[in-house]
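Trainee: I am new to this structure. Please take me through it by question and answer.

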Amino acid sequence: MSESRTKNSARNAIVSLSFYAVYTIAGFVLRKVFIDTLGNDYLSVSGLFTNILTVLSFAEMGIGNAIIFNLYKPIATGDTEKIKSLMKLYKKAYNVVGLCVLGVGLLLIPFLGSLIAGEAPDIKENLIFLYVLYLINTSISYFFSFKQSIITAHQKNYIVSAYTNTFKILQLVLQGVFLVMTHNFVVYLLIQVGCTVMNNVLLARRAGKLYPYINDKEYTPVTKTEKKSIFKNVRALFLYKMASTILNGTDNIIMTKVIALASVGLVSNFNLIIQAISSVVDQIPNAVVASVGNLNASESKEKKNQIFDVMFFACVWIYGFCASGVFFFSNEFVSIVFGPKWQIDPIVIFALALHFYVSSVMSPSYTYRTTLGYFVQGKYAPVAASIINIVLSIVLGKWIGLSGVFFATSISRFFTMGLVDPILIYKNCFQKNPVIYYIRYFGFFAVVAAISFASKTVMSFITIDGIAGFILRVAVYAVVFNALALLVSFKTKEFSYIKTTVYEKFIKKILIKLGRVKPEKE
């Protein structure tokens, strides 16, 4: 990467990581308050409604990805007229999307009761009213979010992260305070809606100040040819997005129908742990998306391949460490924070951790596919994944229980998108045999499994109970896992690239400012 790409990526990652660390801690505190004040039925209803609206978000049709991809070139060339034309088009598209999400969401109201298996949840509020509040919170963002895309396309996603996470943290604090004071779920949801509106309004205003030309009323409409090309990609992305959303968003619905609504609440605590880890760790690969787009627009296939290998290597290390940690510690963590009654079968945790790993290490392939503009190619992969997932989740859910739902998601994801995306990238971009990728994939997986097993063996010698024992085991795991990973990968070209880049771009400059290293003569 060029220095500007490296700096932008680093800035995006640092800002996002800082905010998400605070947000994660606040999220766990709020979850504790939520459970203590409202209970599992409210938690389960919240999880169900969130899942339903996640499925509805397919209406966005992947327009966001199309925006970012089409903005790369005019931003690079400084073509503000083209940017204005594209932004006006996207504004109209997002307004339509927002209305569609709201409309379809309202049409689902008569079917809410049929999605809940067994006894009705023990809540005092009207379910339809609560659902409408969730629906408003989801749909309102579409009327503002198109402006955020220009900030992201300029490799300044740290600005979006700063605004979004500031309001998320504010939301969590206010929700926690008012839950303790009122025990009122409606107030809890109204605070969420209010913070969502304020975040979107202020972020849209910031985009207008940074790039005032996007507010110009005079602009040249996008030509029919350009519009046709854009919406060809949007149609492909719609199919991809719809199927991906169904794949990601149906687990809670299937659990509610096949097993019981209560299971959604139990699993939600463990999903919260995974989401909290993801929300922090994902900022690292997310921070480089726009930079990879710039890379793919300007560098050779050899350079693209090199950066892809480095990203894949880093993701395996980071997500392998996190996924194993979820498996080893989440039950103990939940027991300490929420109480022993919230623990679940270890096989379910293993299925959740496996799904977390499988989906996360795919991020380099997904990033390259979208930034290379491979929207039409492979568009049926998530369709196959969603169909396989629904069928397998029902079959395995009835056969082996809760874990079967999550094993089904891992299987369907890997054998569709997990196969197709690398093939597209290796054949079309790197012009190499994709078998190389799969050899590395399973080789890395075996190494992660071996290191995890060795770490667990070392931890087994720690017999201290309680919070002190938990903290000690986590610390030992972190040291042993990463020490072994470093030992295994120290001489690899990927680790050498990361080490050199970090030193040259950051550490060396700090040492020069401190007077520890002399600057190079020009």
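Trainee: Where H15 passes H18, is the crossing left-handed or right-handed?

Mentor: Helices (H or I, at least four residues) and strands (E, at least two) are DSSP runs, numbered from the N terminus. A crossing is left-handed if the near helix is turned anticlockwise from the far one by less than a right angle, and right-handed if clockwise. The crossing in which H15 passes H18 is left-handed.

Trainee: What kind of model is this?

Mentor: Residues are numbered from 1 along each chain as its sequence is written, and side-chain values use heavy atoms, with hydrogens and water left out. Local features need pLDDT of at least 70, side-chain atom pairs count only at pLDDT 80 or more, totals for chains, interfaces and linings use all residues, and the model is predicted.

Trainee: Are H15 and H18 roughly parallel or roughly antiparallel to each other?

Mentor: Axes are lines fitted to C-alpha atoms, for helices over the stretch in contact, and angles run from 0 to 180 degrees between N-to-C directions. H15 and helix H18 (residues 402–414) have axes 8 Å apart and an angle of about 20 degrees. Angles under 35 degrees count as roughly parallel, over 145 as roughly antiparallel, 65 to 115 as roughly perpendicular and the rest as oblique. H15 and H18 are therefore roughly parallel.

Trainee: How many residues of the contact of H15 with H18 are nonpolar?

Mentor: Contact means heavy atoms within 4.5 Å. The residues that meet include Phe 350 and Leu 354 in H15, and Phe 406 and Arg 413 in H18. Ala, Val, Leu, Ile, Met, Phe, Trp, Tyr, Cys and Pro count as nonpolar, Asp, Glu, Lys and Arg as charged, and the others, Gly among them, as polar. By these classes the contact of H15 with H18 has 1 charged residue, 5 polar and, as to nonpolar, 11.

Trainee: Which word describes how H15 and H20 lie to each other?

Mentor: The axes of helix H15 (residues 346–360) and helix H20 (residues 435–459) come within 13 Å and cross at roughly 140 degrees. Their crossing is right-handed. H15 and H20 are therefore oblique.

Trainee: How many residues of the contact of H15 with H20 are nonpolar?

Mentor: Leu 354, Tyr 357 and Val 358 in H15 meet Tyr 441, Phe 445 and Val 448 in H20. The contact of H15 with H20 has no polar and no charged residues, and its nonpolar residues number 6.

Trainee: Is H14 roughly parallel or roughly antiparallel to H19?

Mentor: The axes of H14 and H19 are 10 Å apart, and the helices pack at an angle of about 155 degrees. That makes the arrangement of H14 and H19 roughly antiparallel.

Trainee: How many charged residues has the contact of H14 with H19?

Mentor: In H14, Lys 301, Lys 304, Asn 305, Phe 308 and Asp 309 meet Ile 425, Tyr 426, Cys 429 and Phe 430 in H19. By class, the contact of H14 with H19 has 5 nonpolar residues, 1 polar and, as to charged, 3.

Trainee: At which residue does H14 bend?

Mentor: The bend at a residue is the angle between axes fitted to the seven residues ending there and the seven starting there. Just after H14, Gly 339 takes a positive phi of about 115 degrees. Helix H14 (residues 301–337) bends by about 55 degrees, and the residue is Phe 329.

Trainee: Is Arg 473 buried or exposed?

Mentor: Arg 473 lies in helix H21 (residues 466–489). Leaving aside neighbours within four places in sequence, the contacts of Arg 473 include Phe 329 and Glu 332. Buried means under 20% relative accessible area, exposed over 50%, partly exposed in between (1.4 Å probe, protein chains only). With a relative accessible area of 12%, Arg 473 is buried.

Trainee: Is Gln 431 buried or exposed?

Mentor: Gln 431 lies in the loop between helix H19 (417–430) and H20. Phi of Gln 431 is near 55 degrees, a positive value in a residue other than glycine. At 54% relative accessibility, Gln 431 counts as exposed.

Trainee: What is the relative accessibility of His 183?

Mentor: His 183 is found in the loop between helix H7 (157–182) and helix H8 (185–210), and its phi is near 55 degrees, a positive value in a residue other than glycine. Most residues other than glycine have a negative phi. His 183 counts as partly exposed, at a relative accessibility of 39%.

Trainee: How many helices has the protein?

Mentor: Buried residues make up 52% of the 522 residues in the protein. The number of strands is 0, and the number of helices is 22.
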